[in-house]
Each structure stands twice: as structure tokens, then as C-alpha cells.
Amino acid sequence: MNDKTNDSTRIIAQYLCDTAAKQDVSQVEVQKLISRSSGYVSERFSGVKSFTIPELDLIAKALNLVDAFELIENAKKTSDTYRAMHVSDLGLAAKHGDTDGEQEAYEVEP
């Protein structure tokens, strides 16, 4: 991938590849849906370049999602680089005087 490509583009591309494959939506179908060439779609599915928001809206609907916002949010949630951190990752610990509920909250993964 291009070093200039940002993480968001790569995260969305990976999510699109995975989700489209699971739902049997091909790149050719996406190409027709957004009226673009195969090269255009290929560059975006590989994370080299970004889809536009209107394009993501169309693709989202084909993937049974509400809109580009839901698509992007799902991509963030499934990304290895955007995982929710467990409290222990932050080096935090319950302190003396915390209630039982507060202490247990430190043990529960978000």
C-alpha cells in the first residue's frame, strides 16, 4: 500500500473487502453501483485511495447498512488498530477506598 495512504482508508478498505466477501458482493457489482471503472474500485478496495462519502453511502446500502456513517463505525470497531483498550493496558488499578463496583469495573473489559 501507498505510504501516503492514511490508516482510515486502509481500515475502511479492509472492512469493505471482508464484508463484501461475506455477503457475496463483488467488486464488479460495486463498480456498477457507483458507476466507476474496475481500476478505480480496485484501488479503493486495496486501500491505495479512498472512496467518497456518497460512494460509501451507496456501498453501505448494498451491504445492508444504513449509510456511510454505519459502514465507517463498523470498520473502526473491527479494526486491529482501533480496538478498545482494556483498563490493564493503561496501567490503571483500583485504589484503596473504591467501592466494590468501582473495583470490579477495573476488571471488566470494555
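**Figure 1. Surroundings of Ile12 in the predicted model.** Ile12, which has its place in helix 1, touches Leu56, Leu71, Ile72 and Ala75 when residues up to four places away in sequence are not counted. In this predicted model, the relative accessibility of Ile12 is 16%, and because the buried class takes in values under 20%, Ile12 counts as buried.

**Figure 2. Packing of helix 4 against helix 5.** Two packed helices are described by the angle between their axes together with the distance between those axes. Helix 4, residues 53–62, packs with helix 5 at an angle of about 85°, and the two axes are 7 Å apart. Since angles of 65 to 115 degrees are classed as roughly perpendicular, helix 4 and helix 5 are described as roughly perpendicular to each other. From helix 4 the contact draws on Ile53, Leu56, Asp57, Ile59 and Ala60, while helix 5 contributes Ala68, Leu71 and Ile72. By residue class, this contact of helix 4 with helix 5 comprises seven nonpolar residues and one charged residue, with no polar ones. Leu56, Leu71 and Ile72, which take part in this contact, are also among the residues that Ile12 touches.

**Figure 3. The largest pocket and its lining.** The largest pocket holds about 160 Å³ of space, and its lining is made up of eleven residues, with Gln14, Tyr15, Asp18, Thr78 and Ser79 lying nearest the centre. Helix 1, spanning 7–22, and helix 5, spanning 68–78, each supply at least two residues of this lining, and the largest share, seven residues, comes from helix 1. Sorted by class, the lining of the largest pocket contains three nonpolar, four polar and four charged residues.

**Figure 4. The protein chain as a whole, as context for the close-up views.** The secondary structure of the protein chain consists of six helices and zero strands, so that, by the way helices and strands are assigned, the pattern read along the sequence is α-α-α-α-α-α. Of the 110 residues in the protein chain, 29% are buried, and Ile12 of helix 1 counts as one of the buried residues. Among contacts in the protein chain between residues at least 6 apart in sequence, 49% join residues at least 24 apart.

Note on methods
Residues numbered from 1 in each chain as written. Predicted model: local features only at pLDDT ≥ 70, side-chain atom pairs only at ≥ 80, totals over all residues. Heavy atoms only, no water. 1 Å grid on protein atoms, 1.4 Å probe; cavity = no way out; pocket = protein on both sides within 12 Å on 5 of 7 lines; lining within 4 Å. Points joined across faces, edges and corners; volume = space filled by probe spheres on them. Helix = DSSP H or I, 4+ residues; strand = E, 2+ residues; numbered from the N terminus. Nonpolar A, V, L, I, M, F, W, Y, C, P; charged D, E, K, R; others polar. Axes fitted to C-alpha atoms, helices over the stretch in contact; angles between N-to-C directions. Parallel < 35°, antiparallel > 145°, perpendicular 65-115°, else oblique. Contact = heavy atoms within 4.5 Å. Buried < 20%, exposed > 50% of the residue type's maximum accessible area, 1.4 Å probe, protein only.
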